[in-house]
Amino acid sequence: MALENADIEKIAVLARLQVTPSETNDYANSISSILSLMDQMQLVNTDGVEPLSNPHDATQRLRKDEVTCDNQREAFIAIAPATEDGLYLVPKVID
Amino acid sequence: MTHKTLVQIAKDLAAGKYSSREITQDIIADIKARDAVYNSFISLSEDLALGQADAADARIKVGNADILTGVPFAHKDLFCTQGHTTTAASKMLANFVPPYESTVGQRLLSAGAVCVGKTNMDEFAMGSSNESSFFGAVKNPWDLNAVPGGSSGGSAAAVAAGLVPAATGTDTGGSIRQPASFCNLTGIKPTYGRVSRFGIIAYASSLDQAGPMCQTAEDAAIMLNAMAGFDEQDSTSVQQETPDFTAELNLPLHGLKVGLPKEFFGPGLNPQVAECIMAAVKEIEKLGAQIIDISLPNLELSIPAYYVIAPSEASSNLSRFDGVRYGYRCDKPENLMDLYCRTRAEGFGTEVKRRIMVGTYALSEGYYDAYYVKAQRIRRLIKDDFARALSQVDVIMGPVAPTPAFDLGSNTKDPVAMYLEDIYTLSANMAGIPAMSAPAGFVNGRPVGLHIMGNYFAEAKLLNIAHQYQQVTDWHLQTPTSNNVPVSNQEKGA
Amino acid sequence: MSWEIVIGLEIHVQLATKSKLFSGAKAGFGAAPNTQTTLVDLGMPGALPVFNQEALRMAVAFGTAIDAEVCKHSVFARKNYFYPDSPKGYQTSQMDHPIVGLGHLDIQLEDRSIKRIGVTRAHLEEDAGKSLHEDYDGMTGIDLNRSSTPLLEIVSEPDMRNAKEAVAYMRKMHAIVTTIGISDGNMAEGSMRCDANVSIRPKGQEKLGTRAELKNINSFKFIERAINVEVERQIDILEDGGKIVQETRLYDSDKNETRPMRSKEEANDYRYFPCPDLLPVEIDDAYIDAIRQSLPELPDQRSARFVSQLGLSEYDASVLSASRTLADYFEAVVLVCNDAKLSANWVTGELSKYMNQHNVEIDQVPVTAVHLGQLINRIMDDTINSKGAKAVFDELWNQAGEVDAIIEANGLKQVSDIGAIEAMVDDVIASSPKQVQQYADAEVEKRGKMLGFFMGQVMKASKGSANPGQVNGLLKKKLDLLC
């Protein structure tokens, strides 16, 4: 399956990646060849084969409903790029 | 200190030949002096290391030492280290200092091991050559023109160069085994869920597994003893008794059934690598093993299926890098969209962005079933292949990679060519079984690793085989500077 | 043209767990920003989720409470989108395999008939953080305390046909989740909020119209207003020949209007896939049955008991059981006065009237159930009459105090001293010769009505405190003697 530049632009928006026009071209080419590699999968019949998402087919373990950690705000806020009054700052969000 | 094994250092420390502080200082000085050539470290954690060394010396003094107490090692820079930069070899996290320690790191610290620094790697563990690091490519100590393999290439180069006796690695599609093979090391990817993933920056959650990279199988067993164990903070951690991985090292191999899958010896395999592997298999046969031809019919499908599943999970796992709570943030974002798009475009490298886009595409509406779900079905076929094979044999052997280490820059233009290099390693991650690489010879001065795969939770068996093999061979004792192996092709580069 | 309104609700119920859905951080409202967060809720690199068993129990309790299918196999999926209040870049939710499947809920309509509303599913998911829009150097502040707090999202079928039905459905859900104790139901704090999918279609048309999704409505009153104002907007557009755009809209309660949400404008592709950090949740019949057995009395069961045990009318019973706190209040009143009918009258009458006037919910009323019970006791033992009782109630509501003290202080005690009443009756008769004459001239059947005048005069003379029964009896006797 070959991707057009427009496809790459659409994917880049979904993935929140700014791409330059020349990068778009490169990605369209390389991702198209990756997709043709993937298309090998379509040659195999997998009807009735259950998808495997965990190698052990394991099930979820449950955690007791307990508060196990204290307030560590200062440690977390200290490594953030922009904060004020303990809040993370981002460019104005409009609902 | 160079090329002392972990066991040797542990013995020396116990005997009081030197203190942990002394060897830690020596190792850090050695890295500072020699690593400029290999670029195997991203950062050194000298102050933290000396503190850990002093604590270890105190433990040794009062007779409260573990085998790893005071022994220096290095972490792949994917393991979060509390109070020390953890970059994932990305500009995105170049200044990220986690206020927490990974479970594996915590376990090693509790054992008294001393972390001297963080090793280079492919950015976010995405690569097979260690050329995608923001901090520059790593060179293979065996041949400076060759890649060390990836993604745990820095860990491999650091141990191979004799800078540290052991290092941690992670293996999502071969990232411990392939660099171990390229650098003449013993490295093991445990069963999925054996080692906690908590605090290790995720690439592909259902495939990632951490393990040790060492010079010998015995060292690897000792490291794995410290690293493995159930962790209630990781839902995918397996609630299984963790055995003493050194306990079975000395068992004889009589009656061991070794399967050789014909798909591992197809036309893509370099004939000289094949020779090395067959010689190693012969050696193991001499130790009493029985060699049986088997088949893993869906092996080839592991490449497309892996390169759907891993990027899909990665595209989601890497969404958290948005410039809001930690890590890189673009300069003067105009609005929210600009903050996201520019932070991520500037913070991630080309291969990471490519995989994020592949994964985003594979999960998107209209393609999800054809790519992601299909890949998961194939994943089950691969698991079933192994189940069938491992009902006939105890372990499976073959090459780790189709070739020895390739030249730096030779595959960087064509991602698909790079992906094909992973043909022999991906399937163990897809099935979640343990697999390891052990030194098995050289081709033109570049090392070749023997791939040993086993059933779930059979790490002790794999290490036992590698250890027995290492009792009758000396490949693992070769070092890039030892006289009996040519440090080849030096005229070509460096 | 005549339009039919079609409404479906997605109700988000914040589960009252101690810790978060996937981390050991404290869950709860009102803490200082970002003080209730861990690695997991902040989406720190390498952090991993582990599922809270209490959230599972609560979701299953809800499923059994509405008699829905409880799924033995459920799967957490990632909903991928970028937003600052979603720190991981995805929300962990359930898509193809929710914990609760098909169910239904019966609501009572205004005409007292019962309507069944289909429940499509209910799934567990993590809540997002909050964006604070006060100006921080031209930026928005992000508080992630709420991030990863457990939510149960209950999705209805598009079965509601007007705003009142939607409110009744929401109220019933509120009663159920508070009765089974899985949420505090505090709508002001966002513990329960809903999105309403609203569309209209010409009456008789089967095909659904294009819908608008009204986001994050957090009071019963606003549900009704938001839906009504949205319906009007849609009718206006269609009747002007326009087209409805499928979009997400926000209800602005100050302006009483809905407007498109700018943040949701761009087309999204959420790329759902099973969360690889979490594994499928498997439960068995024994687990589900044990939870079913432990459920408390549900609103419908309570309503039935009010009819059978307390002798209430179906209507009163259903009104009183529609909210757990209201029903609890009512039963506490009955416990004190032991008269269910009078208690029901007071709770659905005077109390509800005051609640509406003062715009307060039952858990905020200033008159305690014990006081109301005592007040009813004083009516029953003839200490006060109903007029006096209303005055006492008003004072309890506005100024508090004890029932007997208020009666005493305001001289509301009803006069039952036969001598005193007789004197007042005699005075009134003596001072109203004209009316006495008219009474005497009237036909016997009509005299009853005329008695009202004398009653009024006597009650006025007693300042309302005379026992009306006694006054009535005496007046009749004395007037008839004069005729």
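**Stop 1: charges on chain A**

Select the charged side chains of chain A. There are 7 positive and 16 negative ones. The centres of these two sets sit 10 Å apart. Keep in mind that this is a predicted model.

**Stop 2: the rest of chain A**

Now show chain A as a cartoon. How many helices and strands does chain A have? Three helices and three strands. Trace them from the N terminus, and the order reads α-α-β-α-β-β.

Next, look at the overall form. A compact globule of 95 residues would have a radius of gyration near 12 Å. Chain A has 22 Å instead. Its C-alpha atoms fill a box of roughly 55 × 45 × 25 Å along the principal axes.

Colour chain A by burial. Of its 95 residues, 45% are buried. Then turn to contacts between residues with a separation of 6 or more: in chain A, 31% of these join residues 24 or more positions apart. Chain A exposes about 4800 Å², and carbon and sulfur atoms supply 48% of that.

**Stop 3: where chain A meets chain B**

On the chain B side, 70 residues are in contact with 49 residues of chain A. Together the two chains bury about 5200 Å². Carbon and sulfur atoms carry 69% of this buried area.

Which residues of chain B lose the most area to chain A? Pick out Met357(B), Tyr361(B) and Arg380(B). Together they make up 14% of what the chain B side buries.

**Stop 4: helix 1 of chain B**

Stay on chain B and select residues 6–15, which form helix 1. Which residues of helix 1 are buried? They are Leu6(B), Val7(B), Ile9(B), Ala10(B), Asp12(B) and Leu13(B).

Show what surrounds them. The buried residues of helix 1 pack against several elements of chain B:

- helix 2 (20–38) and helix 3 (46–61)
- strand 2 (72–76) and strand 4 (166–170)
- helix 7

Step just past the end of helix 1 to Gly16(B). Gly16(B) takes a positive phi of about 75°.

**Stop 5: Pro243(B)**

Jump along chain B to Pro243(B). Find it in the loop between helix 7 (217–227) and strand 7 (257–261).

Why does Pro243(B) count as partly exposed? Its relative accessibility is 32%, and the partly exposed class lies between the buried cut-off, under 20%, and the exposed one, over 50%.

Now show its partners. Beyond its neighbours within four places in sequence, Pro243(B) is in contact with Arg194(B) and Asn225(B). Finally, draw a distance from Pro243(B) to Gly229(B). The two are 14 residues apart along the chain, and their C-alpha atoms are separated by 9.2 Å.

**Stop 6: chain C**

Hide the other chains and show chain C. Its secondary structure comes to 16 helices and 16 strands. Along the principal axes, its C-alpha trace spans about 95 × 55 × 55 Å. The radius of gyration of chain C is 29 Å, while a compact globule of 483 residues would have one near 23 Å.

Colour by burial again. In chain C, 54% of the 483 residues are buried. Among chain C contacts with a separation of 6 or more, 69% link residues 24 or more positions apart.

End with the charges. Chain C has 53 positive and 70 negative ones. Their mean positions are 3 Å apart.

Notes: Residues are numbered from 1 along each chain as its sequence is written. Chains are lettered from A and ligands numbered from 1 in the order in which they are written. This is a predicted model: local features need pLDDT of at least 70, side-chain atom pairs count only at pLDDT 80 or more; totals for chains, interfaces and linings use all residues. Side-chain values use heavy atoms; hydrogens and water are left out. Helices (H or I, at least four residues) and strands (E, at least two) are DSSP runs, numbered from the N terminus. The radius of gyration is taken over C-alpha atoms; the globule rule is 2.2 Å times the number of residues to the power 0.38. Buried means under 20% relative accessible area, exposed over 50%, partly exposed in between (1.4 Å probe, protein chains only). Contact means heavy atoms within 4.5 Å. Accessible areas come from the Shrake-Rupley method with a 1.4 Å probe; for residues, only the protein chains shown count as cover. Lys and Arg count as positive and Asp and Glu as negative; His and the chain ends are not counted. The place of a charge is taken as NZ of Lys, CZ of Arg, CG of Asp or CD of Glu. Buried area is the accessible area (1.4 Å probe) that two parts lose on being put together, summed over both.
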